[in-house]
Amino acid sequence: MRPLPLAPELDRAALIGYPVAQQLLHATPAPVQIYVRANPAHIAAVAALLGGGGGVAGAVLGGFTTTVYAAARHWDAVVPVPVLLAAAGIALLVGAVAGLYPALRAARLVPAEALRLS
């Protein structure tokens with residue numbers, strides 16, 4: 001394997017599949033560590049794509065739930081479109097901030113310090 005600069009401990013590791021680890025080492029199915037490699041240039045876009053998708057899904061689910069509840073009570077369902085759009089926009093903003101803040105914080109760390117903290 002080629003050296004992996006972001007996780008040098010993997011250079012000295014033997015990677016085995018779960019069935020072998022379970023049989024020989026009595027390993028549990030829960031992972032101990034997960035390594036993720038991300039392109040920092042794409043983090044903001046993904047945080048926005050996830051926030052937006054979650055916002056739209058939440059707005060649709062909220063509107064659907066309100067409609068079903070109102071129908072069960074024999075009420076007229078009134079879900080204004082601007083409220084649904086605002087819900088999606090707020091979720092997009094929260095998702096972007098939630099993804100961007102840790103990325104900016106990690107970008108300020110010295111690589112050796114980041115490895116020590118992991």
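Start at Val46, which is partly exposed at a relative accessible area of 39%. Partly exposed is the class between buried, under 20% relative accessible area, and exposed, over 50%, with a 1.4 Å probe and protein chains only. The model is predicted: local features need pLDDT of at least 70, side-chain atom pairs count only at pLDDT 80 or more, and totals for chains, interfaces and linings use all residues. Residues are numbered from 1 along each chain as its sequence is written, and side-chain values use heavy atoms, with hydrogens and water left out.

Select helix α2, residues 40–72, to see where Val46 sits. Helices here are DSSP runs of H or I with at least four residues, strands are runs of E with at least two, and both are numbered from the N terminus.

**The whole chain**

Zoom out and colour by secondary structure. The chain has 4 helices and 0 strands, in the order α-α-α-α from the N terminus. Of its 118 residues, 10% count as buried. The chain exposes about 9700 Å², of which carbon and sulfur atoms supply 71%; accessible areas come from the Shrake-Rupley method with a 1.4 Å probe, and for residues only the protein chains shown count as cover. Taking contacts (heavy atoms within 4.5 Å) between residues at least 6 apart in sequence, 55% join residues at least 24 apart.

**The nonpolar patch**

Select Ile16, Val20, Leu24 and Leu25 and show their surface. Together these residues form a nonpolar surface patch with about 400 Å² of accessible area. Patch members have over 30% relative accessible area and no salt bridge; like charges are joined within 9 Å, and nonpolar side chains (Val, Leu, Ile, Met, Phe, Trp, Tyr) within 5 Å. A salt bridge is a side-chain nitrogen of Lys or Arg within 4 Å of a carboxyl oxygen of Asp or Glu. Ile16 lies in the segment before α1 (18–25), and at 47% relative accessibility Ile16 counts as partly exposed.

**Two histidines in loops**

Move to His26, in the loop between α1 and α2. The phi of His26 is near 55 degrees, a positive value in a residue other than glycine. Most residues other than glycine have a negative phi. His26 counts as exposed, at 69% relative accessibility.

Finish at His74, in the loop between α2 and α3 (81–107). His74 has a positive phi of about 60 degrees, although it is not a glycine. His74 counts as exposed, with 74% relative accessibility.
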